[in-house]
Amino acid sequence: MSSPWLSQAWKQLSHQLSEDSFPQSLLLRGEKGLGKLQLAKFVAKTILCSEQKHQACNQCHSCQLVESGAHGSLFLLEQEKPKVDDIRALSLWANQTSSFGSSKVAIISDISLLNSASNNALLKTLEEPVEATHFILVNHLPFKAMPTIMSRCQVLSINTPEQSWVKQWLIKQKVRVDENFPLIYRFCNGSPIQVKEFYREQLFTQLQQFILQYQLMLDAKANKLADLIHKQPSCLQWLGHCLTLSFSLAKGLAAKEDFPQFAVSNTSDHTINLAYQDWLHLVKQIEEYPGLNIGQQLYPMFARFKEK
């Protein structure tokens with residue numbers, strides 16, 4: 001694996017593959033940006049490799065087909081908004097005999113994107129396993145897979161690497177780490193790749209401006225959060241991090257001296273928690289209905305701080 005923070009997870013999966021004890025259904029869960037999909041694809045390539053069991057050789061015909069996206073025994077569902085028909089197509093594919101006379105692997109890149117009907121269709125597929133067909137599901141936190149789906153899978157948590165480890169990794173990558181690193185680490189979900197990209201694109205000034213508008217929201221003052229998120233939808237994730245840090249400070253779970261810009265004095269932790277639930281709901285809504293007016297959907301959250 002090219003990502004060293006995935007080595008422990010890969011070691012476990014590689015052992016299961018070499019011992020022929022790999023589960024029929026595997027669920028990889030963890031923060032977004034840690035390379036879970038990359039790991040899922042490498043596992044799939046290893047399962048389909050015709051030369052060795054413990055790790056893909058990257059040389060055989062099967063490995064080359066996986067690399068080119070042309071392997072008939074690999075089903076990859078990466079749509080931004082999967083439909084129930086996509087899951088039904090997966091089920092039909094799973095019940096077909098492999099043209100390569102070997103195992104088959106299906107990967108769903110983000111099961112939190114599935115709606116209720118798609119989840120039920122997937123559950124039915126997992127409940128009726130087909131011999132030599134494996135399912136690898138990717139689950140990004142903070143969203144959780146349905147309990148019924150999790151019960152059908154071996155769940156493997158991909159842990160976020162420690163802040164000190166990420167810092168050392170960045171230094172080895174010749175990234176100039178500064179005093180803002182602890183905050184950047186938080187806002188990048190602890191993902192080494194995302195932190196590296198954050199520094200490369202020099203996004204800290206943009207983040208500072210966003211935090212300033214967040215502080216205005218906490219004080220129930222006019223702010224430009226809605227405009228910023230409308231122009232840059234990825235900033236919606238920043239809002240979630242802001243609320244999480246404010247709640248952690250209010251509960252004493254983080255040190256004020258580390259993140260003073262998120263400390264609140266005249267807002268209850270209950271209000272912040274309700275705002276965070278609003279944020280979670282909005283993120284799910286946007287996944288289901290991409291055309292939503294984000295700014296308009298944010299106003300109920302803003303209203304909570306005016307009512308305090």
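Okay, let's start with a term: a nonpolar core is a set of buried Ala, Val, Leu, Ile, Met, Phe, Trp, Tyr and Cys residues joined through side-chain atoms within 4.5 Å. And buried means under 20% relative accessible area, while exposed is over 50% and partly exposed is in between, using a 1.4 Å probe and protein chains only.

Before we look around, some ground rules. This is a predicted model, where local features need pLDDT of at least 70, side-chain atom pairs count only at pLDDT 80 or more, and totals for chains, interfaces and linings use all residues. Residues are numbered from 1 along each chain as its sequence is written, and side-chain values use heavy atoms, with hydrogens and water left out.

So, the cores. The largest nonpolar core has 79 residues, and the ones touching the most other members are Leu 239, Leu 243 and Phe 262. Let's pick Phe 262. Skipping neighbours within four places in sequence, Phe 262 is in contact (heavy atoms within 4.5 Å) with Leu 183, Phe 187, Ile 211, Tyr 214, Cys 242, Leu 245, Ser 246 and Leu 249. There's also a second, separate core of 21 residues, with Leu 77, Leu 122, Leu 126 and Ile 149 among them.

Now a word on helices and strands: they are DSSP runs, H or I with at least four residues for helices, E with at least two for strands, numbered from the N terminus. Have a look at strand β1, residues 25-31, and find Leu 27 there. Is Leu 27 buried or exposed? Buried, because its relative accessibility is 0%. Its partners, not counting residues up to four places away in sequence, include Ile 111, Leu 137, Ala 145 and Met 150. With Met 150, Leu 27 is 123 residues apart in sequence, yet the C-alpha atoms sit 7.3 Å apart in space.

Next stop, helix α3, residues 61-68. Which residues of α3 are buried? Ser 62, Cys 63, Leu 65 and Val 66. These cover an arc of only 160 degrees around the axis, so they end up on the same side of α3; the arc is taken from the directions from the helix axis to the C-beta atoms. On the other side of α3 you'll find His 61, Glu 67 and Ser 68, which are exposed. The cover over the buried residues includes α2 and β2, residues 74-77.

While we're here, let's talk about a pocket. On a 1 Å grid over the protein atoms alone, a pocket is an open set of points with protein on both sides within 12 Å along at least five of seven lines, and lining residues have an atom within 4 Å of a point. The second largest pocket holds about 200 Å³ of space, where the volume is the space filled by probe spheres set on the points. Helices α2 and α3 and strand β2 each supply at least two residues of its lining. Among the lining residues are Lys 41, Phe 42, Val 66, Gly 69 and Leu 74.

That brings us to Thr 46, in helix α2, residues 36-48. Thr 46 counts as buried because its relative accessibility is 2%. A polar atom of the Thr 46 side chain lies 2.9 Å from the backbone oxygen of Phe 42. Beyond residues up to four places away in sequence, Thr 46 touches several others, including Trp 10, Leu 17 and His 54.

Over to helix α4, residues 84-94. Buried there are Val 84, Asp 86, Ile 87, Leu 90, Trp 93 and Ala 94. They pack against β2, β3 (104-108), α5 (116-127) and β4 (133-141).

Most residues other than glycine have a negative phi, and most peptide bonds are trans. Here, a cis peptide bond joins Leu 141 and Pro 142, with omega about 15 degrees, and Pro 142 lies in the loop between β4 and α6 (147-150). Then there's Gln 202, whose phi is positive, near 50 degrees. Where is Gln 202 found? In the loop between α9 (192-200) and α10 (204-218). Gln 202 is exposed, because its relative accessible area is 68%. Ala 220 also has a positive phi, near 60 degrees, and lies in the loop between α10 and α11 (225-231). With 32% relative accessibility, Ala 220 counts as partly exposed.

Technical notes:
Polar contact = N/O pair within 3.5 Å; in protein donor to acceptor, adjacent residues only side chain to side chain. 1 Å grid on protein atoms, 1.4 Å probe; cavity = no way out; pocket = protein on both sides within 12 Å on 5 of 7 lines; lining within 4 Å.
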